[in-house]
Amino acid sequence: MATKEKEDINLKQLVVQEYKKCALSCEYFLRKYCYVQHPTRGKILFDLYGYQKQALNEFEEHDYNIVLKGRQLGFSTLIAGYSLWMMLFGNDKNILVIATKQEVAKNLVTKVKYMHNALPVWLRGNLIEDNKLALRFANGSQIKAVASSKDAGRSEALSLLILDEAAFIENAEEIWTAAQATLSTGGRAILNSTPNGVGNFFHKMWIGAEEGANGFNPILLDWRVHPDRDQEWRDRQTEVLGEMQSAQEHDASFIFSGNTVVNPEIIEFYKKTYVQEPIAKQGFDQNLWIWEYPNPGKSYIAAADVSRGDGADYSTIHIIDTESSVQVAEYRGKLPTKEFGDLMVQVATMYNDALLIPDNSSIGWNSIQRVIDRGYRNLFYMSNDLHYVDVESQIVDRRIISEKNMKPGFTISRRTRPLIIARLEEYMREQSITIKSLRTVSELETFIWKNGRAEALDGYNDDLVMALGIGLWVRDTALRLRQEGIELTKRALDGFQYNEMPFIMGNNQTKNPYELDVGNNITEDIRWLLG
């Protein structure tokens with residue numbers, strides 16, 4: 001065989017080998033054969049950064065991905081390269097790019113075309129359609145760009161749906177709903193955007209992804225992932241754009257909107273410092289999240305907010321370490337009121353018979369009655385007839401529960417609501433509470449001032465926030481007085497000798513030094529005061 005023929009055979013074998021490598025690995029394909037237009041360096045090979053490689057892996061591992069990113073990270077270019085790889089090495093791949101405007105969507109298709117045109121001839125596809133908004137190959141694969149509309153994506157059998165800058169698409173929710181049927185046969189989706197405040201479709205989908213509630217895999221990319229950027233670079237962005245704008249553009253921060261009840265910087269601090277995955281998820285719905293199991297030597301608060309169980313709101317429970325103010329467990333779910341009453345008893349009992357503080361709204365009474373029927377012995381009582389400071393004295397002397405017509409549970413009213421919200425904000429501001437739940441922190445991101453009232457942004461919930469506020473207010477007021485009562489009692493008991501204490505049982509001196517005569521030949525065991 002002639003040398004020329006041998007060289008041709010070797011070259012063909014090499015091409016086949018390279019083609020196979022490219023087909024098997026998008027990363028290999030991009031890094032070795034794809035060129036991109038760098039803003040300062042011109043035409044260069046697409047040498048992926050570490051965060052881009054990781055994102056490619058996640059694209060392959062998960063059908064649905066949502067990307068919250070800062071600007072100028074080359075992520076749209078990465079999505080373009082991934083789309084080109086899908087089309088070249090897969091038959092009949094149908095990719096649709098939807099953006100706020102046709103021009104924005106066209107930009108991603110333009111990136112795909114640039115990469116394709118710069119490929120070696122043997123890697124290029126056989127083009128049968130090539131225009132500003134679409135690219136189609138002979139193998140049946142195509143990509144096209146459209147502006148956002150209610151019908152965008154409807155009736156399309158999609159392999160990949162890309163919502164580019166999804167936070168800025170006004171009717172994104174309708175588009176996503178319309179596209180669901182087209183993706184149900186195995187299609188993939190990438191929702192990609194910088195943040196645009198809270199309350200929009202993209203923000204809701206991101207929160208759901210973080211909580212594992214909607215099937216999306218969250219990918220967070222702020223300015224720190226880029227190896228060429230440092231704090232000096234970030235500080236310059238603040239000088240140019242201002243703190244709020246630079247936080248949105250580069251920190252991938254939703255919440256610098258200025259009207260959250262808790263300062264956005266504090267919320268961000270909690271998210272980065274304390275939030276962590278629970279060590280266990282329990283219950284039939286896996287919605288009881290646990291970070292610390294009960295410690296026999298500790299006391300706990302179980303603060304709860306009750307919902308109907310069949311609507312948009314959730315029933316929630318916070319378990320808080322009374323001494324350290326650490327959130328150790330949390331429930332958020334939708335249960336009928338009777339079953340939620342059973343759950344409150346179960347969880348409160350589990351945590352050393354925690355002081356159970358459910359809200360006693362009209363819906364809450366159904367759950368509270370279940371707690372009473374089951375004989376739970378450490379239920380919180382309060383009275384609307386008394387000034388809120390006087391209400392707390394029940395913790396020191398339980399006899400007043402019946403005398404002053406106290407009712408079980410906590411009443412959220414015009415009088416108490418501002419108090420518990422102010423206490424919550426104070427705890428957060430002073431970092432006196434340790435919140436480990438992403439679900440709670442996410443609610444704080446959308447807990448805003450609206451016409452002078454603190455409440456959840458439309459379409460969001462504040463059930464965890466309100467339960468937490470109740471728990472912190474009771475901890476910081478009623479339990480403080482209880483502790484004072486315990487100390488006073490201990491000092492009083494220490495001042496007597498056992499045989500000098502005027503405790504009686506009938507006409508005889510009792511053998512129980514903690515049984516007091518409360519009048520009318522009635523005695524009361526006060527050992528509960530000693531914890």
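Visitor: Which residues are linked with K69 in a network of salt bridges?

Guide: K69, R71, E165 and E249 are linked in such a network. A salt bridge here is a side-chain nitrogen of Lys or Arg within 4 Å of a carboxyl oxygen of Asp or Glu. Side chains of opposite charge can pair when their charged atoms come close. Please note that this is a predicted model, in which local features need pLDDT of at least 70 and side-chain atom pairs count only at pLDDT 80 or more, while totals for chains, interfaces and linings use all residues. Residues are numbered from 1 along each chain as its sequence is written, and side-chain values use heavy atoms, with hydrogens and water left out.

K69 belongs to strand β3, which spans residues 64–69. Helices (H or I, at least four residues) and strands (E, at least two) are DSSP runs, numbered from the N terminus. Strand β3 pairs with β10 in the parallel sense over 5 bridges; two strands pair if DSSP finds at least two bridges between them. Within this pairing, N65 has N217 of β10 as its bridge partner. Both strands belong to an open sheet of 8 strands with mixed pairing, in the order β5-β6-β7-β4-β8-β9-β3-β10. Its edge strands, β5 (127–131) and β10 (217–221), each pair on one side only.

By the salt-bridge rule, the count comes to 28. One of these joins the side chains of E18 and K32, at 3.3 Å from N to O. E18 lies in helix α1 (residues 3–24) and K32 in helix α2 (residues 26–33), so this pair ties together parts that are 14 residues apart in sequence. E18 is buried, with a relative accessible area of 6%, whereas K32 is partly exposed at 41%. Buried means under 20% relative accessible area, exposed over 50%, and partly exposed in between, with a 1.4 Å probe and protein chains only.

Another salt bridge is formed by the side chains of R439 and E330, at 2.6 Å from N to O. This pair links distant parts of the chain, 109 residues apart: R439 is in helix α16 (residues 438–445) and E330 in strand β15 (residues 327–333). Both R439 and E330 are buried.

The side chains of R370 and D342 also meet in a salt bridge, at 2.6 Å from N to O. Because R370 lies in helix α12 (residues 364–373) and D342 in helix α11 (residues 337–350), the pair ties together parts that are 28 residues apart in sequence. R370 is partly exposed, with a relative accessible area of 25%.
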